[in-house]
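Please study the structure shown below together with its sequence. The briefing that follows is arranged by topic.

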Amino acid sequence: MGHSLAIIGVVALCTVLTRALPFWILGGRKEVPATVQYLGKVLPPAIMAILVVYCLKDINLLEGSRGLPEFLAVALVAVLHLWKKSTLLSIGAGTVFYMILVQAVF
């Protein structure tokens, strides 16, 4: 029981620190530094690109469904995101579509 409470305490502390640290570092500045603005623009697309590469890295084009369910799901995510501009909708619908393809179609 004590071990579990210690783990919960450390996780809670780390969560609070990661949320509060930027405010402590930047203080009461009214303007966000240019470096932070740049990272805010560049990191989200970079992280999404890394996730796409990670998800598609093990596709074998020579056997099985040849990556068709994965590429169809990626296409759906891209189309939905360009159309609705909703990350949650795009990723959620793509995941559901992929699972339907893998479980029922291929």
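**The salt bridge and its surroundings**

Asp58 and Lys57 are joined by a salt bridge, in which the closest N and O atoms are 2.9 Å apart. The model discussed here is a predicted one. A search of the whole structure finds 1 salt bridge.

- Asp58 is classed as exposed because its relative accessible area is 64%, and the cut-off for that class is over 50%.
- Lys57 has a relative accessibility of 47% and therefore counts as partly exposed, since that class lies between the limit for buried, under 20%, and the limit for exposed, over 50%.
- Asp58 can also be placed relative to Glu70: these two residues are 12 residues apart along the chain, and their C-alpha atoms are separated by 11 Å.
- Glu70 belongs to helix H3.
- With a relative accessibility of 19%, Glu70 counts as buried, because the limit for that class is under 20%.

**The nonpolar surface patch**

- A nonpolar patch on the surface is formed by Tyr38, Leu39, Val42, Leu43, Ile47, Met48, Leu51 and Ile91.
- Together, the residues of this nonpolar patch have about 690 Å² of accessible area.
- Helix H2, which covers residues 34–56, gives the most to the nonpolar patch, with 7 residues.
- Ile47, one of the patch residues, lies in helix H2.
- Ile47 has a relative accessible area of 45% and so is partly exposed, because this value falls between 20% and 50%.

**The largest pocket**

- The largest pocket has a volume of about 600 Å³.
- By residue type, the lining divides into 12 nonpolar, 5 polar and 1 charged.

**Loops with positive phi values**

- Most residues other than glycine have a negative phi.
- Which value does phi of Arg66 take? Phi of Arg66 is near 60°, a positive value in a residue other than glycine.
- Arg66 is located in the loop between H2 and H3.
- Lys85 also has a positive phi, near 55°, and is likewise a residue other than glycine.
- The position of Lys85 is in the loop between H3 and H4.
- Lys85 is exposed because its relative accessible area is 61%, and exposed means over 50%.

**Thr87 in helix H4**

- Thr87 lies in helix H4.
- Is Thr87 buried, exposed or partly exposed? Its relative accessible area is 43%, so Thr87 is partly exposed, the class between 20% and 50%.
- Thr87 and Val32 are 55 residues apart along the chain, and the separation of their C-alpha atoms is 25 Å.

Note on methods. Residues are numbered from 1 along each chain as its sequence is written. This is a predicted model: local features need pLDDT of at least 70, side-chain atom pairs count only at pLDDT 80 or more; totals for chains, interfaces and linings use all residues. Side-chain values use heavy atoms; hydrogens and water are left out. Patches are made of residues with over 30% relative accessible area and no salt bridge: like charges are joined within 9 Å, nonpolar side chains (Val, Leu, Ile, Met, Phe, Trp, Tyr) within 5 Å. Accessible areas come from the Shrake-Rupley method with a 1.4 Å probe; for residues, only the protein chains shown count as cover. A salt bridge is a side-chain nitrogen of Lys or Arg within 4 Å of a carboxyl oxygen of Asp or Glu. Helices (H or I, at least four residues) and strands (E, at least two) are DSSP runs, numbered from the N terminus. Buried means under 20% relative accessible area, exposed over 50%, partly exposed in between (1.4 Å probe, protein chains only). On a 1 Å grid over the protein atoms alone, a cavity is a set of points where a 1.4 Å probe fits but cannot get out, and a pocket is an open set with protein on both sides within 12 Å along at least five of seven lines; lining residues have an atom within 4 Å of a point. Grid points are joined across faces, edges and corners, and a volume is the space filled by probe spheres set on the points. Ala, Val, Leu, Ile, Met, Phe, Trp, Tyr, Cys and Pro count as nonpolar, Asp, Glu, Lys and Arg as charged, and the others, Gly among them, as polar.
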